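Let's take a walk through this protein together, one stop at a time. Keep the viewer open and follow along.

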Amino acid sequence: MGSKNIGLFEDPPFVSLVFFKFGSLGRADFAFSVSRIEWHSRDVDEMRIWSQAVKVRRLGCWPPRAKLRCSTGQFNRGEMMDRRTFLSRVVLSGAAATFPTLQAAQGASTAPCILLVDGVTPSTSSSDLFAYLDPIISQNVPVSIVVKFDREEWDKKDANTDLMRFFSTMTSDYPGLIDLALDLPDLASQHPYLRMRSASEARNRFTQSLAAALDNWSPKAIPQTIVSRLPNGEKPIIEGLRSAGVLSTILLPETGMAPEIWRNSDGTQQINGGWRLPPSATSEDIAATLATATSSDGPIVLAAKFPSDGPQGEEELFNQGAILGDTIRRNLISNRNYLILPSELRFRSGDVFSRNLVLCIQADGSDAEADGLAAKLTAAGVPFSVIKGAFDLAPEKSDATSAAAGEGQSHKCFQVSTTSADTWKEARSFAFEAIAADTKPRTIEPISCAAVKDETTPTSNMYEHAGFEIVLNMSPGKEHVLGYDESGALRMTTSVVLAGSHSILPAQTLRGRIDEVASPTEDVVLLVKATAYSASDDANELVKEIVALGKPDQFSLLNIKQYHASVSVKSEQARLLRFAQRWPARPYADEVSSAERDILMDDAKSAWSYFEQLTNPDTGLVPATAWLEDDKVQSYNFSTMWDTGSLILAILSAHSTGLLSNAEFAERIGAVLGGLATGIFDGLRLPKGLASTNGKASGDNDYNASDTARLLVSLHLLQKYAQKDLGIAGILSNWDLIETIRNGTPLTVRGGRLVSSYRSNYAGYIARAFGLWGYPVVSPYSEPEPGSPFDRGVHILHDVAEFGPIGAEPHLLEAIELGASDLVIAASEALFAAQVEEYQATGKLVCVSEGPINREPWFVYQGFQIGEDRGHWTVETLDPSPRFKTKGFIRAVDMLNSKGAFLWSAYRPSEYNDLLIGHIREKAMSSVLGFNPGVFSVTGETDQAYSDINTNAVILQSIAYRLNSGKPCVDWKAKW
């Protein structure tokens, strides 16, 4: 049935002609009375009511409503009103002038008003939502529907196809009255990189659900606005969301405040402030809020919660929407405010909104830079990215000459033909140069951009492309992944492909072709096949059109690298993790080859020689350090509880590798456990801070929680390994360790008093050690939100940076002893990346950790401090004297740490770590005292007359880890 004029409705003093437009009705029965419109229908597919500027739409099988509860003037609950009266009053009151009369009627001094309706989730009923919105948009009040589409919400329910269809239809059929936003409540409290990830994931989930529900869907249905909470007392700058296609951000405070609007550096618009209406607000509530909001001349942001809580019928939902829409319309007409959507406001605020056009030239084996289209673009000063295969693509220079060449220089992107694991492996090996012993300081940048030729399933092989900074999908498609993905790469998708002159129809401009496939606000990726424009005239014409598009009021012309910098925010944490992915660890083989086993056993024997020579027969303890003096071994006959823990694990490791018999193992362990010293501090019985290894000195009673943590780990592992009662529980019961824990934090002695031990990145190791024995401790690191391992790693590294520098210890120790936690994985990957990057930049091998030195102050902590832009290397000492802070001192004690090299080789086998352990074997193996602490960077040599207990113990642990097929010590079992 087509459109049909049903008749006139009269309600003096005005007469309005109302058209009922019927679609495919099926069976229907309608009855009308003079004073009331009553609809009774069955199998109604679609009905439209039009009245000058009032558009009410019924979709699907939504049943039309009858009796509506309203009052004259302002709609209040409890008073009867029918649809005819509602519609007539809307028109009579002046809201019926053709949209956008409200906006157009206001002068230049007016301020915008935005209405948000949040509380919508993927499980929301589309018919209920329309019942609420119907009377609002019928009065020309624009509404931004805010959908909570985060991981937690969406995983509760399967995709709501009816809701997706509703969103697509409403945004398409109600331009200027409906747009969509995504509700990410905690976004503003997240770290900047994780904001980009949250926005990307939410948008991609929404887009993919939309594509699954509809064969043809409007790009207007993809939200370009994010709504979040405004943290108390903060005004965060939300940048980088443009990488996910987000163009506006609204941060709502807990209590009302006047909004501020500005344009961020990435071109996105941000609004901080607004007022939230109370649930089920009455007209008085809304009017009072509006009175406060309009008391100043600034913008207004109102947020109303969709009343989805509790059982409510469509009649009640319609009534509440009518109250909201009518009250807003009446209270704003007399004030100087205009109603507008967030998606339109950015065009009215500040400078001209500029879209980005990213130009890519697919070379297909041709010399695109020497001549042809690419040469013409370069001559015209147009930036672009060249996409080539492996054999045609050379890495780009990173020197000052290249950087000074300007925007006309092309950026290179590596073409990947398939998305198989093997292909990505080959791509990484080509794009990221292999690590070799003869590596010289790098003068070229790695090619960190990959272009996928045919990616039919955009979410497949999500981690195979790990290490690439940017991944471009060359197959156009709006449902593809956009923004930052689970492995830290910026995903881009092609908007338009030009494969020759036939790509543009006669009399059609390039701008027209773009407008066909892209919404007026989204950025565009233009892919041009260079071989199709080999003819000079075709190339000249295309360059002319591209240059024309680069006018200020149209597009900013960028290459991929420039686009990445323009729409993203830097994250050193994400950069380090992504860098480490370029050289993944070699998988462990089930069996160690005989040749490797022989080498490792030689190393183990050398390390064990320190303990064979220096174990005191009376106490079973071993001195912390030893050196050769006049061809005689001298020693520092004290040890900390850290040293004692290392001793226990050295004995355990030696037994595991076969260096000790069962009898020798039992004898040595029995002696050590029997000689554990107890000190008294502030009336508490605690592990002694410094114990004499020969029993001839008193030592030091200052209790150290970090050293005790090492001992607690070793006792736990010993008990698990031995599988028999060694009396360890009794030893612990004699100490008052529980009294040193306050509010979940282990305390340590510093300056004569107990203070928190959570003062460095040893905090995680300390917490895990005490937790092994059931002590009520809490982790000092915040718990990351659910997400990919990469996301969790970024979050953790922000905490790590706050705690200070990181070294190989204690993180790699924890990995080989207890298994790698999320903290260990993130910290070790970041440190690995920093060390490899330093080696590539300078040719200097780097391996930082703690260790003794052969001069004052006798012990240093070398580490890497993660910074906002780039990190830096640190040297710290327990002695705060200024002379240990000078550049000369730091240069003199800088060394490649021996035990750190063995830890890296065991935990993360790779080419770089092969170089580390090879260097230590060559330079730091002593003929008498096992391994020296390290190789000094200045001299390239080590002190052959100096060694220590921890270096040799950790080397033994690392070897045993390798010979136990990469299983952590907690999983080893003694063979009696």
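What you're looking at is a predicted model, where local features need pLDDT of at least 70, side-chain atom pairs count only at pLDDT 80 or more, and totals for chains, interfaces and linings use all residues. Residues are numbered from 1 along each chain as its sequence is written, and side-chain values use heavy atoms, with hydrogens and water left out.

Start with Ser280. At 40% relative accessibility, Ser280 counts as partly exposed. You'll find Ser280 in the loop between strand E15 (269–276) and helix H7 (283–293); helices (H or I, at least four residues) and strands (E, at least two) are DSSP runs, numbered from the N terminus. For background, most residues other than glycine have a negative phi, and most peptide bonds are trans. Asp631 also has a positive phi, of about 65 degrees, without being a glycine. Asp631 belongs to the loop between strand E28 (625–629) and strand E29 (632–636), and with a relative accessible area of 77% Asp631 is exposed.

The peptide bonds have something to show as well. Glu809 and Pro810 are joined by a cis peptide bond with omega of about 5 degrees, and Pro810 is part of helix H24 (residues 808–818). Another cis bond, again with omega of about 5 degrees, links Glu856 to Pro857. Pro857 lies in the loop between strand E37 (850–852) and strand E38 (859–865).

Now for the aromatics. Searching the whole structure turns up 30 aromatic pairs, where rings of Phe, Tyr and Trp (its six-membered ring) pair if their centres lie within 6.5 Å, with planes under 30 degrees apart counted as stacked, over 60 as edge-to-face and the rest as tilted. Among them is the edge-to-face pair of Tyr132 and Phe306, with 5.6 Å centre to centre and 75 degrees between the planes. Tyr132 sits in helix H3 (residues 126–137) and Phe306 in the loop between strand E16 (300–305) and helix H8 (314–333), so this pair ties together parts that are 174 residues apart in sequence. Tyr132 is buried at 4% relative accessible area, and Phe306 is buried at 3%. Elsewhere, Phe130, Phe149, Phe166, Phe167 and Phe206 make up one aromatic cluster.

Lys724 lies over the face of Trp976, 4.0 Å from the ring centre, and the charged end of Arg855 sits over the ring of Phe936, 5.5 Å from its centre. To count, NZ of Lys or CZ of Arg has to be within 6 Å of the ring centre and within 35 degrees of the ring normal.

Next, turn to helix H22 (residues 763–772). Why is this helix described as largely enclosed by the rest of the structure? Because seven of its 10 residues are buried. Those residues are Ala763, Gly764, Tyr765, Ile766, Ala767, Ala769 and Phe770. Just after H22, Gly774 takes a positive phi of about 80 degrees. Follow the loop between H22 and helix H23 (789–803) and you reach Ser788, which is buried with a relative accessible area of 4%. A polar atom of the Ser788 side chain lies 2.9 Å from the backbone oxygen of Glu486.

Our last stop is Arg578, in helix H16 (residues 572–580). Is Arg578 buried or exposed? With a relative accessible area of 7%, Arg578 is buried. Setting aside neighbours within four places in sequence, Arg578 is in contact with Gly467, Phe468, Glu469, Gly488 and Phe790, contact meaning heavy atoms within 4.5 Å. Arg578 and Ala466 are 112 residues apart in sequence, and their C-alpha atoms are 6.9 Å apart in space.

Notes:
Buried < 20%, exposed > 50% of the residue type's maximum accessible area, 1.4 Å probe, protein only. Polar contact = N/O pair within 3.5 Å; in protein donor to acceptor, adjacent residues only side chain to side chain.
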